[in-house]
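Welcome! Open your viewer, get your selection tool ready, and follow along one stop at a time.

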Amino acid sequence: MTEKPLYFPNLNGLRFIAALMVIVYHLERLKANMGLDGLWGKAAFVSLFGKLGVVLFFVLSGFLITYLLLAEEKRFAKIDLTSFYLRRVLRIWPLYFFIIFLGFFVLPFLNFFSVPGKGVEFIYSDLALKLALFTLVFPNLALATFGAIPF
């Protein structure tokens, strides 16, 4: 008999709120950096949205990961960390690499996603190094080296 996967549908609303807070923060910050009119600097709560959204994500993740590990320990009397991390990698990395693919090879060519001063020529200058940094999971180093890379 296979066990039903663990799922907490009531947390979807909290995930949505956390994601929305992070998205609003990034959009408003991007508008401010580009000199566009927005809420950044006008509404104090907007600058807190990103931090609060990330904290909410961490709280949800901590709860879910702890719950899963405790359930595994209760069921098998041990925790297999190798399998745990492998499941996390198989869940996160495919989407991460898909987003990298979209960000470098699809979105720069769609007019809807164009960012002034950050066109295809910006994306493709030092492309090999940028791709290497993102592929090796060093996006913060890419940010420090090249500045904000759209998409």
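**A walk along α2 and its neighbours**

You are looking at a predicted model. Start by selecting residues 44-76, which form helix α2. From first C-alpha to last, this helix of 33 residues reaches 49 Å, close to the 48 Å expected at 1.5 Å a residue.

Now click on G50: here α2 bends by about 30°. G50 also belongs to the buried residues of α2, along with V46, G53, L60, L64, L69 and E72. What covers these buried residues? Show α1 (12-33) and α3 (81-105), which are included in that cover.

Next, select W40, in the loop between α1 and α2.

Two loop stops remain. D126 sits between α4 (120-124) and α5 (127-135). Its phi is near 60°, a positive value in a residue other than glycine. With 48% relative accessibility, D126 is partly exposed.

Finish at V137, in the loop between α5 and α6 (139-146). V137 is another residue other than glycine with a positive phi, near 65°. At 43% relative accessibility, V137 is partly exposed.

Methods
Residues numbered from 1 in each chain as written. Predicted model: local features only at pLDDT ≥ 70, side-chain atom pairs only at ≥ 80, totals over all residues. Heavy atoms only, no water. Helix = DSSP H or I, 4+ residues; strand = E, 2+ residues; numbered from the N terminus. Expected span 1.5 Å × (residues − 1). Bend = angle between axes of the 7 residues up to and from the residue. Buried < 20%, exposed > 50% of the residue type's maximum accessible area, 1.4 Å probe, protein only. Contact = heavy atoms within 4.5 Å.
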